Amino acid sequence: MEKNRNNERLDKTILRTSTNYLLPLLILFSIFLLIRGHYLPGGGFVGGLVASIAFVLHSFAYSPTQTVKMFSIKPFFVIPTGLMLCFFSGMLPALLGYPFMSGVWFADNVVAIGAFGSALIFDIGVYMVVIGVVLTILFTISENT
Amino acid sequence: MELLLVILVGAFYSAGIYMMFRRSMVKLLMGLLLLGNGANILIFLMGGLTKGKAPIIRPENSKFLEVYADPVPQALILTAIVISFALTAFAIVLLKRVYTTTGSDDLDSLNIQDLDI
Amino acid sequence: MLLPIIVTFLLAFLMLLLKPQKFLRFFKFICVVPLLLFLYLLTYLPSVYQGTKSIFFKNEWIPSLGISLDFKIDGLSMLFGLMITGIGTLIYLYAAEYLKRDENIHRFYCYLTLFMGAMLGVVLSDNLITLFVFWELTSISSFFLIGYNTDQEASRKSAMWALGLTGLGGFFMLASFALIGIVAGTYSLNELLAYPDVLLNNQYYYIIIFLLFAGAFTKSAQFPFHFWLPGAMKAPTPVSAYLHSATMVKAGIYILARFSPILGGDTVWNDTLMIVGGITMVMGAVLSVFHKDMKGLLAYSTISALGIIVFLIGIGTETSLYAACTFILVHALYKATLFLITGIVDHATHTRDLSVLRGLRKVMPVIAIAGFIAALSSAGIPFTFGFLSKELIYGVSTDGIWTQETVFVLTGIALLTNIFLTSSGFLAGIRPFFGKLPKEFEKIKKPNFYLWFPPVLLSALTLLFGIVPSIIDQSILKSATISVLGTSTQMYLSLWHGFNLVLLLSAITIVLGILLYLVIKPSSRNESRLKGLDDFSPQTILTSIALGIRWFAFRYTRFFHNGYLRVYIMFIVIFFTGIVGYKLFADVPLRVNTEDLSAFRIYEFTVFVITIIAIYFITSTTSRLTSIAALGVIGYSICLIFVFYGAPDLAMTQFAIDTLTVVLFVLVLFKLPPFLKFTNKKIQFRDGVISVCFGILISLITLQALVSPADKSVSKFYADNAYILAKGKNVVNVILVDFRGFDTMIETIVLSIAAVGVYSILKYKTQDGEKSE
């Protein structure tokens with residue numbers, strides 16, 4: 001019994017150590033994918049999925065509850081935030097007098113991002129929704145099995 | 001290559017349907033996933049195959065100067081992939097719930113109420 | 001005319017608001033509604049009487065389909081309209097007392113008023129489609145009235161039978177009307193009357209008349225559709241009196257009379273009506289005397305009377321049509337009286353058994369007199385209205401236009417029918433009141449005014465019209481006959497024709513009828529003898545047909561809707577494969593343009609082989625883990641294909657999703673049991689063949705689709721404008737977040753819904769508790 005528990009801890013040591021380094025890297029990578037999506041392969045969907053894989057990895061190394069603890073909010077509440085952001089990006093042009101969801105940009109390009117506008121805000125919304133959905137689904141399942 | 005993909009589509013469809021004929025709910029779900037994969041490849045194939053040329057405009061240009069892969073099927077498939085994940089998650093949870101409630105993975109065991117209503 | 005009918009319908013629904021607890025005493029005053037309608041119709045009487053012309057009310061409804069709400073009042077409509085509203089008034093009065101303890105009386109009045117409005121619509125409509133609509137409304141309201149005692153199974157069943165049969169008949173009649181509309185190009189009765197030859201000489205003539213007969217015979221309870229009428233006697237007695245003797249069952253008669261000048265004249269028309277009417281009248285009359293239930297007896301004698309009318313319309317001479325119109329009124333008067341009396345007796349003694357009921361004249365003398373007059377009228381004794389119609393009927397059967405043999409046959413069946421009808425009338429109207437009063441009936445209270453007034457008034461009218469026929473014959477009956485005949489007539493009713501054959505026949509009828517009445521003693525034995533006939537009755541045959549249909553439907557449903565998902569899928573797949581495969585191979589030549597196809601490299605082939613192997617594993621393995629792994633392999637292979645062919649976005653997404661799917665499956669399926677081998681090899685082989693066929697079909701379709709190149713204009717627009725309009729260079733991403741951003745927004749909502757679904761399924765516990773997880 002004692003040995004088993006020891007084994008388990010040992011089993012996970014490598015995973016945990018590597019996760020500690022991988023998690024920030026993967027998150028950074030996902031943000032990188034998100035931001036460059038408009039110009040090169042990437043985007044909100046892929047970015048969100050990569051970020052969620054990072055968190056899933058963390059939850060494997062530790063436990064879902066500890067992963068949730070890292071957030072100050074539950075993943076479930078990321079979903080409405082993302083949806084609101086999507087909707088806001090759609091409403092933004094409407095506030096400026098254009099039709100709903102038409103693209104608007106700042107006049108000057110931002111360094112490292114390129115044209116910053118409603119499309120990017122929308123993509124960030126998608127990113128958040130994807131993270132929220134995937135994590136909600138997976139954490140709910142692992143909590144309940 | 002088109003021929004290979006055509007055969008692959010057929011194989012996906014047959015396997016998907018075959019899995020759906022089985023009694024197990026898990027197999028039904030897997031059949032559904034296979035059908036989805038088959039449909040994705042079918043859509044991809046219909047857009048025409050263009051080797052190695054992603055639909056991304058080169059940084060120095062503002063327009064395509066050479067052939068490019070069709071972006072519309074890609075956008076469709078991307079949507080389909082993400083949605084199919086949501087579907088899978090929902091279905092698998094439903095399935096698990098059915099299993100914990102009835103204690104069986106057998107579709108036929110859910111069949112009784114149809115007769116007795 | 002539209003306004004009164006619409007108001008009637010509106011009032012019907014308003015009556016539902018009259019809660020019987022509060023408004024019980026108001027129900028007596030509802031009879032004002034039919035009374036006003038009666039008076040309203042009466043105002044048109046002079047103009048109808050003066051000429052052959054009819055009064056016409058034009059209302060548009062659906063002009064593009066030739067459907068209008070035109071109404072027309074002529075003699076025939078007037079006769080029926082006055083009967084409906086006149087007898088209706090009395091029934092309304094009677095029912096208020098009869099059903100005063102019923103807590104659903106407001107519903108009863110609603111149905112009754114609906115029925116009256118619909119019935120008026122039937123007899124006044126000029127447009128065939130409108131007529132049909134009202135016709136169906138009478139069937140439906142009759143259904144509610146027959147099934148009024150909803151807590152009795154017999155009542156509900158007979159309501160179903162009545163609705164089923166009359167509904168079926170109505171269906172045929174609609175077909176007939178539609179044919180008439182197609183052939184003649186109009187649905188207006190008025191226009192049809194103007195050009196009867198159009199229909200008469202058409203090739204569809206026989207179809208039209210037989211479809212019409214189906215409608216009329218079911219409604220008017222002609223053989224072999226007569227059996228719903230005795231069943232309908234389950235309704236409260238006022239309903240039986242109103243619908244099933246005086247008015248609704250005469251709707252079929254009305255149709256026949258109405259179409260007589262349009263479609264009549266052909267020998268098939270005449271012979272069919274004479275034969276069916278003849279069979280019905282003899283059968284109904286003979287069967288009636290064997291019943292000991294007063295309502296059962298009256299039901300069969302009503303069937304017989306309806307047979308007589310059909311028979312008379314079938315003969316189609318001037319005299320016979322005149323006799324028909326007269327008999328319609330005669331019968332309505334005496335039969336409604338007898339029914340109302342039955343209701344009073346039933347109400348007072350709680351039985352309708354003729355073998356028990358005796359001597360009631362001592363407790364209800366007024367009713368006894370009314371019953372006596374009604375019985376005399378049905379027997380055709382002089383100085384009652386019945387005598388006149390009986391004279392006319394014999395006048396028809398002994399008419400000089402027939403050959404000797406025909407006279408014998410016609411007179412024979414008329415005599416037979418009348419003898420039996422005489423005795424059945426006596427049984428219902430006289431027998432309960434004479435003889436020795438049994439002890440248990442001595443304490444019976446006298447019926448109050450609302451109960452005794454209607455039958456007494458009706459029998460008084462019977463007597464009045466019998467003594468002074470000129471009141472009625474010149475005003476209504478003549479103009480009614482004119483509209484049935486289509487030409488003018490000089491007929492009139494008279495009391496005395498001199499000593500002739502007709503008078504002799506009347507005398508024979510009365511004598512033999514009275515003899516028969518004295519011989520027959522109502523008893524259960526007679527009724528049980530009749531039960532033996534049930535084995536051959538049309539009802540038994542129809543019931544077995546219905547049971548057969550139910551059996552077939554059950555089997556059919558069990559076969560196709562058997563609750564096995566895979567069987568449903570199998571049916572769909574086989575059907576699809578069969579139909580599309582057939583079409584593909586039969587009509588489309590298979591063409592494959594090999595030049596367009598690109599060659600494949602060795603690494604591509606490797607991916608292909610790996611995928612195929614993974615697919616094979618997934619279908620054949622019994623281990624869950626293997627199948628999950630195979631699923632992962634398939635996903636990554638597809639990912640590679642995307643990489644080869646210029647779809648990096650797809651490849652990345654597929655890769656991420658596939659990883660997550662595998663995680664998902666492992667998380668959940670680890671707790672589930674291993675796959676069981678449920679099916680044997682044979683079934684697996686069968687399924688394999690079906691699915692491979694399906695796969696081959698899909699491949700072939702794909703191959704064919706490749707021949708015609710896809711439309712690239714949309715893609716080109718997106719590609720050309722991605723940077724110019726949306727400032728993005730990754731076209732796929734630009735499409736997703738900008739060009740089709742709205743779709744993506746919806747997609748995120750779908751994703752959220754899935755997450756909420758998963759969350760709620762797992763967090764929500766069923767109330768009855770589930771097995772431990």
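Reply: Angles between helices run from 0 to 180 degrees between N-to-C directions, and those over 145 degrees count as roughly antiparallel. The model is a predicted one.

Me: Why are α2(B) and α3(B) called roughly antiparallel?

Reply: Helix α2 (residues 25–46) of chain B and helix α3 (residues 71–102) of chain B pack at an angle of about 175 degrees, with their axes 10 Å apart. The cut-off is 145 degrees, and α2(B) and α3(B) are therefore roughly antiparallel.

Me: Which residues make the contact of these helices, and of what class are they?

Reply: Among them are B:Leu29, B:Leu33 and B:Phe44 of α2(B), and B:Leu76, B:Ile81 and B:Leu95 of α3(B). By class, the contact of α2(B) with α3(B) has 16 nonpolar, 4 polar and no charged residues.

Me: What makes a residue of chain C buried, and what percentage of chain C is buried?

Reply: A residue is buried if 20 or more other C-beta atoms lie within 10 Å of its own. Of the 773 residues in chain C, 50% are buried.

Me: How many residues of chain C are in contact with chain B, and which helix supplies the largest share?

Reply: In this contact, 87 residues of chain C meet 78 residues of chain B. The largest share of the chain C side, 13 residues, comes from α30(C). That side divides into 55 nonpolar, 19 polar and 13 charged residues.

Me: How many residues do chains A and B bring to their contact?

Reply: Chain B gives 7 residues and chain A gives 6 residues. The side of chain B has 7 nonpolar, no polar and no charged residues.

Terms used:
Residues numbered from 1 in each chain as written. Chains lettered and ligands numbered in written order. Predicted model: local features only at pLDDT ≥ 70, side-chain atom pairs only at ≥ 80, totals over all residues. Contact = placed C-beta atoms within 7 Å. Nonpolar A, V, L, I, M, F, W, Y, C, P; charged D, E, K, R; others polar. Buried ≥ 20, exposed ≤ 12 C-beta atoms within 10 Å, placed from the backbone. Helix = DSSP H or I, 4+ residues; strand = E, 2+ residues; numbered from the N terminus. Parallel < 35°, antiparallel > 145°, perpendicular 65-115°, else oblique.
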